[in-house]
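Thank you all for coming. Before I say anything, please take a moment to look at the sequence and the model on the screen.

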Amino acid sequence: MSESQADKELRPSEEEISALLSDSYVFSFQGVRASLNKRSTFFKYTWIALMTVSAAYLMGWFSGAIKPYMAAGVTGLDADYQLHQIRFLLAFIMLAVGTVALNYDYCVRETFIVCAWVQVYFLVTGVMRHSRTLPENSFDLLLAYASCLMVIVLLLLTLIVEETKLQKK
Amino acid sequence: MYKLSVALCFLFSSLIIALFALIITDESFVPNSYRAEVLLQDLTSLRAWIVVIGLILFAWNAATRRPNALTVTSLTALAWVMFLEDYIVLDGVLFIANHPLAQAVLMTRPIFLVALTYVAFKQWEVDLA
């Protein structure tokens, strides 16, 4: 076999070269916008709604507008206030983890499922606590609290459903 | 190691269920105040139910050979959230556990968390294999 023939046999084909040059990482940074563009319009708007709710919550928290609707505002217990603070922190950690998952387009569905379970835990324990400790005739407070958390759970469920649809395609 | 971790998780779960059964039947557990009692009842009963549901889900998925990673990961996240809530926030509110069973729960909790986290990671490997 001549040297040039051996070279030809050793040279990779066009498909092999393109496969080598393509993105071979398990995950890669691409930005939220690029990741959202790959998904449905409904997913995109749901994500924007989730971000808007989070921003509104932050504004409400720092301006003190939501304080009367919090358990600590009614019971006056330090434990309730601290519990809210730690959940506030955990919620934003979950949001950050969700954003990172979207950024890398890696385990998005799984991340949102875990976040949804934690959110359901917040909802159930929060409503239970409110219903046990709130004074009578404060059903509106309980409703406001529950509906706020329910909206977040529903938004997360929508994201999960949309992501599942995308994965099935 | 995986089987040992699963066994540790089952052991801790059985301790939690036994403690909950003891709290609702035995009157020797006295919380610091009435409000603490309410908080204790709410949290303990809810957590006992989460443990029961988690055990059933895990056992069902394992028995039917379904993927279990997502269930275990969700339970691990919940376990860590509860741990953070207890040790950062509720430690001073809840009762001081004098009963040997409560002591056992408190002492085995960090081991349980590590074991559960290991099971969650390992389960992804098992499911993907």
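Predicted model: local features only at pLDDT ≥ 70, side-chain atom pairs only at ≥ 80, totals over all residues.

Residues are numbered from 1 along each chain as its sequence is written, and chains are lettered from A and ligands numbered from 1 in the order in which they are written.

Let me begin with helices, which here are DSSP runs of H or I with at least four residues, numbered from the N terminus. Two packed helices are described by the angle between their axes and the distance between the axes. In chain A, the axes of helix α4 (residues 41-63) and helix α8 (residues 139-168) come within 9 Å and cross at roughly 155°, the axes being lines fitted to C-alpha atoms over the stretch in contact, with angles running from 0 to 180 degrees between N-to-C directions. That makes α4(A) roughly antiparallel to α8(A), a term for angles over 145 degrees. Residues are in contact if their C-beta atoms, placed from the backbone, lie within 7 Å, and those making this contact include A:Phe42 and A:Trp47 of α4(A) and A:Leu155 and A:Glu162 of α8(A).

Next comes helix α6 of chain A, residues 78-104, whose 27 residues should span 39 Å at 1.5 Å a residue, and the end C-alpha atoms are 39 Å apart, which agrees; the expected span is 1.5 Å times one less than the number of residues. Among the buried residues of α6(A) are A:Leu83, A:Arg87 and A:Met94, where buried means that 20 or more other C-beta atoms lie within 10 Å of the residue's own, exposed means 12 or fewer, and partly exposed is in between. Just after α6(A), A:Asp105 takes a positive phi of about 50°.

How many residues of chain B are in contact with chain A? There are 17, and they meet 18 residues of chain A. On the chain B side, α3(B) gives the most, with 11 residues.

One residue of helix α3 of chain B is B:Leu70, which counts as partly exposed because it has 19 C-beta neighbours inside 10 Å. Leaving aside neighbours within four places in sequence, B:Leu70 is in contact with A:Glu110 and A:Ile113. B:Leu70 and B:Gln123 are 53 residues apart in sequence, yet 8.6 Å apart in space, C-alpha to C-alpha.

Technical notes. Helix = DSSP H or I, 4+ residues; strand = E, 2+ residues; numbered from the N terminus. Contact = placed C-beta atoms within 7 Å. Parallel < 35°, antiparallel > 145°, perpendicular 65-115°, else oblique.
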